[in-house]
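Please read this briefing alongside the sequence and the 3D view.

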Amino acid sequence: MKRILVTGGAGFVGSHLCERLLAEGHEVICLDNYFTGSKLNIEHLMDHHYFELVRHDVTHPYFAEVDEIYNLACPASPVHYQYNPIKTVKTSVMGAINMLGLAKRVKAKILQASTSEVYGDPKVHPQSEDYWGHVNPIGLRSCYDEGKRCAETLFMDYHIQNKVAIKIIRIFNTYGPRMHPHDGRVVSNFIVQALKGEAITIYGEGTQTRSFQYVDDLVEGTLRMMDSRDDFIGPVNIGNPVEFTMLELAQEVLDITGSKSKLTFLPLPKDDPMQRQPDISLAKRELQGWEPKIPLREGLKHTIAYFEGLMKSHPEMV
């Protein structure tokens with residue numbers, strides 16, 4: 001049994017990670033300030049003897065004896081990270097400093113949940129880990145993009161200077177149950193709009209592409225990265241390389257829900273990438289042959305079922 005700290009553990013991805021770690025027999029400390037996370041996501045874990053929930057903001061130091069740290073704390077959707085951009089940068093940068101400081105003190109291994117946003121609006125397709133990116137440093141998305149890029153820098157410097165055992169993953173578009181219904185991400189937007197019979201909002205002409213990864217595949221890749229050989233620290237892309245246009249995604253959601261919602265087209269947001277597709281050859285090679293297993297249609301069915309249940313049990317949230 002390991003004692004494992006998960007920052008952002010009450011969030012969408014963090015809650016699934018906590019669940020999986022408990023299932024594997026570990027003790028889990030879930031740290032969250034509930035800016036985007038929710039107790040609803042982890043209420044089914046509250047009675048577990050090896051689960052501990054702590055309300056805490058990672059921009060302030062935290063002290064605990066732990067073996068491993070998964071640093072997931074940071075709003076990850078444009079709606080949330082642009083709401084308070086200064087706070088977003090502080091969460092990425094000061095949160096990384098505080099968690100790296102903890103890892104250094106207690107000699108814990110620490111994993112940074114970075115993002116495909118470090119590639120910006122890429123000029124290289126698909127994106128491999130050796131691509132340095134094409135990021136606007138002063139745009140609306142910069143608080144998140146540059147905050148995560150700086151966090152990667154800090155992780156590397158703590159590793160080189162202080163010998164901290166680190167791992168860095170770059171997460172590509174992920175979806176699944178427990179997504180926030182108003183996080184502004186395309187999958188949750190389309191599903192909620194379809195279930196409510198509202199117009200499906202498509203930005204631009206809908207020809208821009210994304211690669212959608214189901215949350216269970218992400219958790220599996222994250223765990224394999226933490227357990228990978230000591231001299232492999234990343235960064236490594238964790239995502240699904242199968243691309244879909246926004247129009248194709250909208251049609252899948254409409255088909256599964258049976259919704260009669262119409263499509264409506266709005267201007268493309270500033271700095272919104274036109275293409276996003278991970279090169280996962282490094283992950284396949286280093287993470288015991290890891291690759292996504294759950295196809296989009298199957299994952300969407302699970303996600304839609306979750307939102308249907310949420311609309312019945314907590315209609316005020318949707």
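The points below take the model topic by topic.

This is a predicted model, in which local features need pLDDT of at least 70 and side-chain atom pairs count only at pLDDT 80 or more, while totals for chains, interfaces and linings use all residues. Residues are numbered from 1 along each chain as its sequence is written, and side-chain values use heavy atoms, with hydrogens and water left out. Helices (H or I, at least four residues) and strands (E, at least two) are DSSP runs, numbered from the N terminus.

**The sheet**

- Seven strands form an open sheet with parallel pairing, in the order β3-β2-β1-β4-β5-β6-β11; two strands pair if DSSP finds at least two bridges between them.
- The edges are held by β3 (51–55) and β11 (236–238), each with a single partner strand, so one side of each has no neighbour in the sheet.
- From one strand to the next, the twist averages 20°; angles run from 0 to 180 degrees between N-to-C directions, and axes are lines fitted to C-alpha atoms, for helices over the stretch in contact.
- Strand β6 (residues 166–171) runs parallel to β11 and is joined to it by three bridges.
- Arg170 has Asn237 in β11 as its bridge partner.

**Helices on the sheet**

- Helix α1 (residues 12–23) packs on the sheet and touches β1 (3–7), β2 (27–32), β3 and β4 (68–71); contact means heavy atoms within 4.5 Å.
- The direction of α1 makes about 170° with that of β1.
- Helix α7 (residues 215–226) lies across β4, β5 (109–115), β6 and β11, and runs at about 160° to β6.

**Helix α4 with helix α5**

- The axes of α4 (residues 85–106) and α5 (residues 142–162) come within 9 Å and cross at roughly 15°.
- The two helices α4 and α5 are therefore roughly parallel to each other; angles under 35 degrees count as roughly parallel, over 145 as roughly antiparallel, 65 to 115 as roughly perpendicular and the rest as oblique.
- The crossing of α4 and α5 is right-handed; a crossing is right-handed if the near helix is turned clockwise from the far one by less than a right angle, and left-handed if anticlockwise.
- Residues of α4 in the contact include Val89, Val93, Ala96 and Leu100, and those of α5 include Tyr144, Ala151, Leu154 and Phe155.
- The contact of α4 with α5 divides into 13 nonpolar, five polar and two charged residues; Ala, Val, Leu, Ile, Met, Phe, Trp, Tyr, Cys and Pro count as nonpolar, Asp, Glu, Lys and Arg as charged, and the others, Gly among them, as polar.

**Helix α10 and its partners**

- Helix α6 (residues 186–196) and helix α10 (residues 296–313) have axes that come within 10 Å and cross at roughly 55°, which makes α6 oblique to α10.
- The crossing of α6 and α10 is right-handed.
- Among the residues that meet are Ile191 and Leu195 in α6 and Leu300 and Phe307 in α10.
- The contact of α6 with α10 has eight nonpolar, two polar and two charged residues.
- Helix α8 (residues 246–257) packs with α10 at an angle of about 55°, the axes being 10 Å apart, and α8 and α10 are therefore oblique to each other.
- The crossing of α8 and α10 is right-handed too.
- The residues that meet include Leu249 and Val253 in α8 and Leu300 and Ile304 in α10.
- By class, the contact of α8 with α10 has six nonpolar, one polar and four charged residues.

**Aromatic rings**

- The structure holds six aromatic pairs; rings of Phe, Tyr and Trp (its six-membered ring) pair if their centres lie within 6.5 Å, and planes under 30 degrees apart count as stacked, over 60 as edge-to-face and the rest as tilted.
- Phe35 and Tyr83 have ring centres 6.1 Å apart and planes at 35°, so the pair is tilted.
- Phe35 is in the loop between β2 and α2 (39–42) and Tyr83 in the loop between α3 (78–81) and α4, 48 residues apart.

**Backbone**

- Most residues other than glycine have a negative phi, and most peptide bonds are trans.
- Tyr34 has a positive phi, near 65°, and lies in the loop between β2 and α2.
- The peptide bond from His125 to Pro126 is cis, with omega near -10°, and Pro126 lies in the loop between β5 and α5.
- The peptide bond from Gly234 to Pro235 is cis, with omega near 5°, and Pro235 lies in the loop between α7 and β11.
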